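I'll jot down what I look up as I go.

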Amino acid sequence: MARAVSVSLQKGGVGKTTIAINLADALAARGNEVLLVDLDQQGNATEGVGKKELYETDGPHVGDVLTEDDPVDVREIIHDRGEFDLLPAHVDLDDIEDRIRNSTFGILWVRRRIVEPLLGDEYDYIVIDSPPSLGPLSDASLIGAGNLIVPLLMSEPSVSGFERMVEQQVRPIRNEVDLDILAIVPNDLSGNNEERRIIDDLEASPFAQYLPAFARSEGFGESPGPGIRHRIAFSRAWRDGKTLREYDADSDMLERLDQLAQVVENGGTDA
């Protein structure tokens, strides 16, 4: 089943872009047609796949799609990235967010202008790297995708950011449209006691159903441990404009990313 998914958390520094890039890559490696959409104003996903120059392009860009005035066909701004395609971010995304805020149906533009024209016919999966803050562009991303992946550091600030997101964004959106949490992904783990405590707390909470099998506490007794582990190769791959698979084809985290791709294909965890 074709599916769009937003990778989102209203807290920066949690590895959101890393998950989005490598989830798109993992889905493509499983034989799917995949589009990575960068809607983060910082353009980190665009830079992280080696297309930094597109962030300040003078040609048609995402702002020409998300507009009331004679919008450009989204296909005109999609770029071939090899295993998957890219719809890059643009330096004007802050202005575009204001445009969404001030337009009656702006909150639906991501769904109507990007997801609906492409999903199913041209792409099996659309992965959206969403803004790391509350606002109309983030809302439009979640509404457009209808599915959510939440990357979390195993720290109190990160968990608090998730709780705020659920209260201030996910639940209000669910009052209007369908929005499914597909997975909570513990990210950048190194194996300390605080991480164990927070995973235990998540497993005892109503959110336990969203933890993939590879992220559960029983993994602490095994190597390499639960979740997406801290690997310097992630940051080095981003620096070089590559996915983890392209940078280090032998990384032990590729299997975890493949399992996350299976969660997206299945429409959620098995819990």
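**Entry: before anything else.** I remind myself that this is a predicted model.

**Entry: cores.** I started with the nonpolar packing. The largest nonpolar core has 60 residues. I looked up which of them have the most contacts inside it, and got Leu 23, Leu 36, Val 127 and Ile 149. Helix H1, residues 16-29, gives the most to this core, with eight residues.

I then picked Leu 36 and asked what it touches beyond four places away in sequence. My list has Ala 20, Ile 21 and Ala 24, then Ala 45 and Val 49.

**Entry: cavities.** How many cavities of 30 Å³ or more are there? I count two. The largest cavity holds about 50 Å³ of space. Its lining includes Thr 18, Ile 21 and Asn 22, as well as Phe 234, Ala 237 and Trp 238. H1 and helix H9 (232-239) are the elements that give two or more residues to this lining. By class I noted five nonpolar, four polar and one charged residues there.

The second largest cavity has about 40 Å³ of space. Around that one I found Leu 54, Thr 57, Pro 60, His 61, Val 62, Ile 77, His 79, Leu 87 and Pro 88. That lining splits into six nonpolar, three polar and no charged residues.

**Entry: helix H9.** Ala 233, Phe 234 and Ala 237 are buried in H9. Seen down the axis of H9, the buried residues fall within an arc of 105°, so they line one face of the helix. What do the buried residues of H9 pack against? I wrote down H1, helix H2 (44-48), strand S8 (228-229), helix H10 (244-247) and helix H11 (254-266). Just after H9, Gly 241 takes a positive phi of about 70°.

**Entry: Val 264.** I moved on to H11, where Val 264 has its place. Is Val 264 buried or exposed? Its relative accessibility is 0%, so it counts as buried. Val 264 and Val 5 are 259 residues apart along the chain, yet their C-alpha atoms are separated by 7.8 Å. Val 5 is also one of its contacts, along with Arg 3, Leu 23, Leu 27, Tyr 125, Ile 149 and Leu 182, neighbours within four places in sequence left aside.

**Entry: Ser 8.** This one is found in the loop between strand S1 (3-7) and H1. Ser 8 is buried, with a relative accessible area of 0%. Beyond four places in sequence, its contacts include Lys 16, Ser 130, Pro 131, Ile 149 and Met 165.

**Entry: Arg 111.** I ended in helix H5 (residues 109-118), which holds Arg 111. Arg 111 is partly exposed, at a relative accessible area of 25%. I checked its distance to Ala 4, 107 residues apart along the chain, and the C-alpha atoms are separated by 9.7 Å. Leaving out residues up to four places away in sequence, Arg 111 touches Glu 116, Pro 117, Ile 143, Gly 144 and Val 177.

Technical notes:
Residues are numbered from 1 along each chain as its sequence is written. This is a predicted model: local features need pLDDT of at least 70, side-chain atom pairs count only at pLDDT 80 or more; totals for chains, interfaces and linings use all residues. Side-chain values use heavy atoms; hydrogens and water are left out. A nonpolar core is a set of buried Ala, Val, Leu, Ile, Met, Phe, Trp, Tyr and Cys residues joined through side-chain atoms within 4.5 Å. Buried means under 20% relative accessible area, exposed over 50%, partly exposed in between (1.4 Å probe, protein chains only). Helices (H or I, at least four residues) and strands (E, at least two) are DSSP runs, numbered from the N terminus. Contact means heavy atoms within 4.5 Å. On a 1 Å grid over the protein atoms alone, a cavity is a set of points where a 1.4 Å probe fits but cannot get out, and a pocket is an open set with protein on both sides within 12 Å along at least five of seven lines; lining residues have an atom within 4 Å of a point. Grid points are joined across faces, edges and corners, and a volume is the space filled by probe spheres set on the points. Ala, Val, Leu, Ile, Met, Phe, Trp, Tyr, Cys and Pro count as nonpolar, Asp, Glu, Lys and Arg as charged, and the others, Gly among them, as polar. The arc is that of the directions from the helix axis to the C-beta atoms.
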